[in-house]
Amino acid sequence: MKKLLVLGGGYGGLALIQKLLEQHLPNDVEIVLIDRMPYQGIKTEYYALAAGTVSDHDLRIAFPVHPRLSVKYGEVDAINLDKRLVLMTDGELVPYDLLAIALGCTDNYHGIPGAEEHTCGIQTLSDTRETYRRLNDVKPYGTVNIVGGGLSGVELAAELRESRPDLNITILDRGERVLSAFPAKLSQYVEEWFTEHHVQTLGRVSVSHIEKDAVFNGSEAIPSDVTVWTGGIQPVKVIQELNLAKDHGGRVILSQYHQVPDYPEVYVIGDCASLPFAPSAQAAGAQGEQVAQILRAQWRNETPRLGKIKLKGTLGSLGKSEGFGLLGRRSVMGRVPRILKSGVLWMSKWHFG
C-alpha cells in the first residue's frame with residue numbers, strides 16, 4: 001500500500017481528504033491524517049471563543065469516517081524529507097510515500113522583547129482557551145489591549161465588547177487605521193462602529209517591548225491587564241526548520257502543482273505555502289482541493305489541469321449583528337455581511353461535519 005500522510009486536519013488538510021474520498025481511491029492507496037486534536041477546530045471563529053460568546057463545543061467539526069482513512073493523534077516534531085519520515089514528539093517515526101503538509105501557522109512576534117512571554121493569542125485552540133480564561137478573569141473596568149488592527153484583532157475587539165461591556169478595550173496598530181489592507185471607507189465604517197461602542201483605536205503605535213502590565217510605544221507605557229497578540233503570523237516551527245527555499249514570510253516556495261521542487265512527493269498547503277494571496281482558510285481549502293485534483297490525475301497517469309484559484313472575498317464580524325467585507329472589489333457593510341458570514345460558517349460545518 002502507498003501511504004498518503006496528511007499533516008494537519010484544518011481547512012487545507014480536510015479539503016484534500018474530502019475531495020479524495022468523494023471519488024474512488026486507487027486500491028493501493030491509504031490516507032493517514034495526523035492531528036494533535038480529535039476534531040477540527042473552526043479557527044476563523046476562535047475570536048468568539050476567546051471573547052466568551054460561543055462554547056468550545058460549538059467550534060468542533062468531526063473528522064471524516066471512512067474505511068480508507070485512519071487518524072493518528074499527536075504532535076509533529078520534525079520532518080526528514082530525504083528519508084521520507086515524520087518524527088512525532090513521542091519519538092515515533094511515521095513513514096510516508098506521499099506527504100501533504102498542512103500544519104498552519106503560529107504567532108509572529110517580530111522579535112519584540114516580552115511579546116511571547118506577556119501576551120496571549122488565538123492561533124491554536126489551546127491558546128484560545130487560555131485567552132478566554134484570562135480575558136474573562138479581568139475585573140470590571142479592567143484594561144485589555146489588542147496588538148494588531150487586522151481582521152483578527154478587529155473581530156476579537158468587537159466580540160469582546162459585546163461579551164464584556166465593562167472593560168476598557170483598545171486596539172494598538174502601527175498603521176494609521178485599522179484594517180489597513182482594506183479600502184478606506186470600509187475601515188472608516190469599522191472605526192465608527194468602535195467609536196459608537198466605546199472601543200478605542202490607537203494608530204502609529206510602534207511596540208518596542210511588552211511587560212506583564214504594559215505595552216510600550218517607545219518610552220510611553222500603555223497600561224494593560226491583559227494583552228492579546230494579533231500582530232502577525234508565520235509558518236509553524238516544523239516548517240521554519242526545513243531547509244527549503246522560502247519567501248520573505250517564511251513560506252515554502254512551490255512548483256505549479258503545489259509540490260516542493262526537490263521533493264515532488266511532498267505537497268505544502270495553506271499557511272505554510274507561498275501563494276499569491278494572503279493566508280486564509282478559504283485559500284487553504286481551495287489549494288487542498290487542487291492538490292486532490294493533482295493526485296487523482298497522477299494516479300491516472302495524466303497531466304493535471306488546474307484553473308487559477310479564485311477567492312470569493314473576505315467577511316468579518318462586528319459582534320453578532322453587524323459585519324463588513326469585500327466581495328470581489330465591492331465593500332459591504334452592515335447586517336448583510338454578518339448574515340453571509342454566519343451562512344459560510346454553517347456551510348463549512350455542514351460540508352466537513
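Biologist: Why is E92 called partly exposed in this model?

Modeller: The model is a predicted one, and in it E92 has a relative accessible area of 33%; since buried means under 20% and exposed means over 50%, E92 falls in between and is therefore called partly exposed.

Biologist: What makes the contact of K72 with E92 a salt bridge?

Modeller: The side chains of K72 and E92 meet at 2.7 Å, N to O, and because the rule asks for a side-chain nitrogen of Lys or Arg within 4 Å of a carboxyl oxygen of Asp or Glu, the pair qualifies. K72 lies in strand β5 (residues 69-73), whereas E92 lies in the loop between β7 (85-88) and β8 (93-95), so that the pair, 20 residues apart, links distant parts of the chain. K72 itself is partly exposed, with a relative accessible area of 24%.

Biologist: How do you know that R129 forms a salt bridge with D56, and where do the two residues sit?

Modeller: The closest N and O atoms of R129 and D56 are 2.5 Å apart, which is within the 4 Å of the rule.

Biologist: Are R129 and D56 buried or partly exposed, and why?

Modeller: R129 has a relative accessible area of 35% and is therefore partly exposed, whereas D56, at 17%, counts as buried because the limit for that term is under 20%.

Biologist: Why is E45 called buried, and what is the state of K341, with which E45 forms a salt bridge?

Modeller: E45 has a relative accessible area of 7% and K341 one of 10%; because buried means under 20%, the term applies to E45 and to K341. Their side chains meet at 3.6 Å, N to O, which again is within 4 Å. The pair joins the loop between β3 (40-41) and α2 (46-51), where E45 lies, to helix α9 (residues 335-352), which holds K341, 296 residues apart.

Biologist: How do you know that the length of α5 is close to the expected one?

Modeller: Helix α5 (residues 151-163) has 13 residues and reaches 18 Å from its first C-alpha to its last, close to the 18 Å expected at 1.5 Å a residue.

Note on methods: Residues numbered from 1 in each chain as written. Predicted model: local features only at pLDDT ≥ 70, side-chain atom pairs only at ≥ 80, totals over all residues. Heavy atoms only, no water. Helix = DSSP H or I, 4+ residues; strand = E, 2+ residues; numbered from the N terminus. Expected span 1.5 Å × (residues − 1). Buried < 20%, exposed > 50% of the residue type's maximum accessible area, 1.4 Å probe, protein only.
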